[in-house]
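Hi everyone, thanks for coming. Please have a look at the slide, and then I'll take you through a few local features.

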Amino acid sequence: DVPLTIPGATLPNVLPAIKFLRDINNGKKGDYGRRAAVIGGNNAAMEVARALIRKGVEKVTVVYPRDKAELKANQRNIHEAEKEGVQFLMMASPVQISPADSGLDVELMRMKPGEPDARGIRNPEAIPGSSNTIQVDTVISSLGQKACDGEKFIGGALEESLVLTSA
């Protein structure tokens, strides 16, 4: 998993998506509380959100810094998540996770589309002074996956024996 790199990302009940999905698949029990936030908009994020609903989490919110039309997940996965009761908080990005008396506080910054770059892509930009906080029991980040940490491949003995070279 691409790590979540904000303060509080290593707190208990802040999990990477693939670990969560692997645990669910292996039948591992977990207490995810009544409220959960899923950070990201890819297919894994939709699977996580749907799995949380099926595990009895009452309110699951997908947080994504872009417009809903820009979610990277397949439209079918998004539609199925909506049908199962997943909520979407668009144009918002987490900036900090803090322990709270009743779980976790996730501080969010509202986002707006920035000016188009050279390729015409409008990257999200924070709106100054627009932070708000949501309270959850669990945060699961699904920012994407990577096979390499920049220095070596991650995995078993075969992956660790591979050497990266410059092109």
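Predicted model: local features only at pLDDT ≥ 70, side-chain atom pairs only at ≥ 80, totals over all residues.

Residues are numbered from 1 along each chain as its sequence is written, and side-chain values use heavy atoms, with hydrogens and water left out.

Let's begin with helix α3, residues 75-83. Helices here are DSSP runs of H or I with at least four residues, strands are runs of E with at least two, and both are numbered from the N terminus. Which residues of α3 are buried? They are Asn 77, Ile 78 and Ala 81. They span an arc of only 100 degrees around the axis, so they sit on the same side of α3; that arc is taken from the directions from the helix axis to the C-beta atoms. On the other side of α3 we find Gln 75, Arg 76 and Lys 83, which are exposed. For the cut-offs, buried is under 20% relative accessible area, exposed is over 50%, and partly exposed is in between, with a 1.4 Å probe and protein chains only.

The cover over the buried residues of α3 includes α2 (43-54) and β4 (87-90). Just after α3, Gly 85 has a positive phi of about 105 degrees.

Now to Arg 50, which is in helix α2. Arg 50 counts as buried because its relative accessibility is 12%. Leaving out residues up to four places away in sequence, Arg 50 touches Asn 77, Glu 80, Ala 81, Glu 84 and Val 86, where contact means heavy atoms within 4.5 Å.

On to the rings. Lys 68 lies over the face of Phe 88, 4.9 Å from the ring centre. The criterion is NZ of Lys or CZ of Arg within 6 Å of the ring centre and within 35 degrees of the ring normal.

Last, the hairpin. Strand β5 (residues 92-100) and strand β6 (residues 103-116) pair in the antiparallel sense over eight bridges; pairing requires DSSP to find at least two bridges between two strands. A hairpin connects β5 to β6 through two residues, and Ala 92 stands opposite Arg 110 in β6.
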